[in-house]
Amino acid sequence: MTASREEGLSAVATGVVPVPFWINGARVASRGVRLGAVMNPSTGEMIRSVPLAGAADVDVAVQSAAAAFPAWRDTTPLRRARVLTRFRELLEKHQKELAGLISEEHGKVFLDAMGSVQRGIEVVEFASGAPHLLKGAFSESVGRDVDSYSLLQPIGVCVGITPFNFPAMVPLWMFPVALACGNTFVLKPSEKDPSPAVRMGELLKEAGLPDGVFNVVHGDKEAVDALLHHPQVAAVSFVGSTPVARHIYAVAAAEGKRVQALGGAKNHAVVMPDADLPFAADAIIGAAYGSAGERCMAVSAVVAVADAGDALVRELAVRARALTVGPSLAEQVDMGPLVTREHLQKVGRYVDAGIADGAELVVDGRGVHVRGHENGFFLGPTLFDRVSAKMSIYTDEIFGPVLVVVRVSSLDEAIALVNDNPYGNGTALFTGSGAAARIFEHAIQVGMVGINVPIPVPMSFFSFGGWKQSLFGDLHVHGEEGVKFYTRTKAVTRRWTNAGAAGAFHMPSLG
Ligand code: NAD
């Protein structure tokens, strides 16, 4: 069966197996009737259907998480950490299986999918340090015979709403830390590739997680809005596009919930004339075209400084032309398809717009032919030179294998260009100069910065997050900021002697 996403929806009646919800430690069917199509982007075929939850389904999942909360909150951090340690072992054991599901439903190549699960496993490793992460502070003798200390306590039912491009890794940025801190969780993964989330629910149960602590519902805006308005949801973590992130932030905050909403990106790699250009080109090619450009940390704009431009574009073009495009689960493929036919068409329209706007099309990925996969959603690597900051191929997040080169005359001009961009997720500088690197890392208005590192994704023990329109909210995910997000602080001030001014009328003025 070959179908676009819309055609796939009408084919649901043919009995393609639905992906279940995961609620209270079991696979559960939806109570509703709305279904979506899960496609294999490499073949263009519909492979599963996905139930799209309504408010009733969402309520069952939230109630399950709310019921499980008191016992999980009162489970010691050490015991919670042991469950996560067993979960980490199971993720490693089933890494290939999860990566296979990701490759099948998302379209990224298998090794890339393996790497993404690995980055998720590292967050579980971090969260397994729960007893240490949850230590509060203690001050002896804040007053005479009086001590103060702080407790970090869980906040309740936490929700994760995640994008299609990392169906395992992005949820793993969230729920291991939330669970380690004693919260329970409802995950609403992308309806485009929902299977890894359910599989992780099963692995958590196998690891010893009590039923109801982790739940999965599928769906679209209707499910998300039901979660945002649900009175028993305490906190919302979102990762996805900027318009939806803004909506999530506004609605959840108005409901009085704690919220972190990570949005889209346009990540610049600035290349100085003193950089090692072949090294920079190798790094940029992987960062631009890996996962077909469907990464929030993909390099999508190169800023060539002074006379770096001509040589760099030559180096990039040779490498882009040499990439192998093919089905995600085939051997020796560099780049798989885009996630849906609609997305392929959208990215194609950007290529048309770039040409119409007068950019120089150096490598044209349109019309790429993958033998035996004629209905897959493929676009080859595409490279534009002499792009201006007004063109839509520069201003918009394309989220596909389209790399644009903007030429500027100085580092200052490059920094100003990056800082003027509304997004601020990641950026990189390629240079041989420590002085240039220092100026760049100090002045740049971006949350994650690489120096001769193209995709500067922080390790799990640092926090991940952008600035400006790449993040709405105060705290980044995982690392120390993740622990802050999933806990609230209580300050205790105590005295165990009856001597002193217990009944003083005035505010105490001296320690
Ligand atoms: P998306 O915003 O379309 O969807 C994200 C989630 O929101 C999904 O679960 C989806 O079901 C839900 N959703 C979609 N439309 C909604 C609406 N109108 N109301 C409520 N919920 C809605 O994003 P996507 O296409 O799945 O993912 C790609 C985007 O995610 C890109 O913009 C990418 O940059 C971004 N992203 C950002 C980061 C980051 O760390 N900043 C990481 C990964 C992806």
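**Figure 1. Charged side chains across the protein.** Counting Lys and Arg as positive and Asp and Glu as negative, with His and the chain ends left out, the protein carries 45 positive and 51 negative side chains. The centres of these two sets sit 6 Å apart, with each charge placed at NZ of Lys, CZ of Arg, CG of Asp or CD of Glu. This is a predicted model, where local features need pLDDT of at least 70 and side-chain atom pairs count only at pLDDT 80 or more, while totals for chains, interfaces and linings use all residues. Residues are numbered from 1 along each chain as its sequence is written, and side-chain values use heavy atoms, leaving out hydrogens and water.

**Figure 2. Helix 10 from end to end.** Helix 10 covers residues 242-254; helices here are DSSP runs of H or I with at least four residues, strands are E runs of at least two, and both are numbered from the N terminus. Its 13 residues reach 18 Å from first C-alpha to last, close to the 18 Å expected (1.5 Å times one less than the number of residues). Just past the helix, Gly256 takes a positive phi of about 80°.

**Figure 3. The buried side of helix 10.** Tucked away here are Thr242, Ala245, Ile248, Val251 and Ala252, the buried residues of helix 10 (under 20% relative accessible area, 1.4 Å probe, protein chains only). What covers them includes helix 9 (221-229), along with strand 7 (157-161), strand 10 (233-239) and strand 11 (258-262). Strand 17 (423-424) and strand 21 (471-472) are also among the cover, with contact meaning heavy atoms within 4.5 Å.

How values were computed
Buried means under 20% relative accessible area, exposed over 50%, partly exposed in between (1.4 Å probe, protein chains only).
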